[in-house]
Amino acid sequence: MKKVVFFDMNETLLNLSLLKEQFNKHFDDKYILKYWFTKLLHTSTIMGIMDEYKNFGELADIALENLFFENNKSLSSEIKAEILGEFRKLPAYEDVRPALSILKNNDIRVIAISNSSLEMIKEQLTNAGIMDLFDSYYSADNVEKYKPFNNIYHFAAKQEGLQMENIVMVAAHDWDLFGAKKAGLTTAYIKRKEEIYNPYYLQPDFNASNLSDLIQQLIKTAL
């Protein structure tokens, strides 16, 4: 019996549209946000492999500096603050509140598991207007190791008094679900972007393009 659903946040629950608008002010490249986010994740993964840790804000900062440097653009402290500040104000997708409400109505715990700092998670959930739907949240800060390393999944499960087989992890990222699957969780993929789920990663147990539909699948067959 599944007792709780873990949720990734950025891109899974929170729409990066505001962040995209900020990048579009400075770059004429529709892939620039994705490139920056990829650089950020690459850095976090390398840091994890080497057993080093800096919080997500610090990594986002240096990835942004590198991005502007590569494109021969100057980056003032004001521009940096304006761009990165949007990370704290991201809106929830329209399907998020209805989907989370389904879980709450079925007495299933809802927990955020994010690479964002603890402080940022609180701000993001509050600013997105969905904090009331969460029972708790955990950050890579808790274990000083980013997803998809298994530390954060195991830590959150232990803190909640759960066995791994009693948890479903929902994310819009195949690498995140690969990590969760290897850690022993059931996985559910929400398709937020037009891209191929990496065939070399362990595949998700559930998938959908609408979060409410995905949660209904979980309610019927897994929870």
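I started with the lining of the largest pocket: H2 gives the largest share, eight residues. H1, H2 and helix H8 (174-182) each supply at least two lining residues. For my notes, helices (H or I, at least four residues) and strands (E, at least two) are DSSP runs, numbered from the N terminus.

Before going on, a note on the source: this is a predicted model, where local features need pLDDT of at least 70, side-chain atom pairs count only at pLDDT 80 or more, and totals for chains, interfaces and linings use all residues. Residues are numbered from 1 along each chain as its sequence is written, and side-chain values use heavy atoms, with hydrogens and water left out.

**Pocket and cavity**

I looked up the volume of the largest pocket and got about 740 Å³. It has 27 lining residues, and the closest to its centre are Glu11, Lys34, Phe37, Lys193 and Glu195. By class the lining divides into nine nonpolar, eight polar and 10 charged. Classes here: Ala, Val, Leu, Ile, Met, Phe, Trp, Tyr, Cys and Pro are nonpolar, Asp, Glu, Lys and Arg charged, and the others, Gly among them, polar.

How many cavities of 30 Å³ or more are there in the whole structure? The search finds one. About 70 Å³ of space lies in the largest cavity. Its lining is Asp8, Asn10, Phe37, Leu41, Phe56, Ser114, Asn115, Ser116, His173 and Trp175, which I class as four nonpolar, five polar and one charged.

Terms, on a 1 Å grid over the protein atoms alone: a cavity is a set of points where a 1.4 Å probe fits but cannot get out, a pocket is an open set with protein on both sides within 12 Å along at least five of seven lines, and lining residues have an atom within 4 Å of a point. Points are joined across faces, edges and corners, and a volume is the space filled by probe spheres set on the points.

**Helix packing**

H1 (residues 17-24) next: it packs on H2 (residues 32-49) at about 105°, axes 9 Å apart (axes are lines fitted to C-alpha atoms, for helices over the stretch in contact; angles run from 0 to 180 degrees between N-to-C directions). H1 and H2 are therefore roughly perpendicular (under 35 degrees is roughly parallel, over 145 roughly antiparallel, 65 to 115 roughly perpendicular, the rest oblique). Leu19, Lys20 and Phe23 of H1 touch Ile32, Leu33 and Trp36 of H2 (contact means heavy atoms within 4.5 Å). That contact has five nonpolar, no polar and one charged residues.

I then followed H2 to H3 (residues 56-70), where the axes come within 9 Å and cross at roughly 130°, so the two are oblique to each other. Their contact takes in Ile32, Tyr35 and Trp36 of H2, among others, and residues of H3 including Phe56, Leu59 and Ala60. I count 10 nonpolar, three polar and two charged there.

H5 (residues 96-105) and H9 (residues 211-221) pack at about 15°, axes 8 Å apart, which makes them roughly parallel. The contact has eight nonpolar, two polar and no charged residues.

**Backbone**

Most residues other than glycine have a negative phi, and most peptide bonds are trans. I noted two exceptions. The peptide bond from Lys147 to Pro148 is cis, with omega near 15°; Pro148 lies in the loop between strand S3 (136-139) and helix H7 (151-159). Asn72 has a positive phi, near 55°, and lies in the loop between H3 and helix H4 (77-85).
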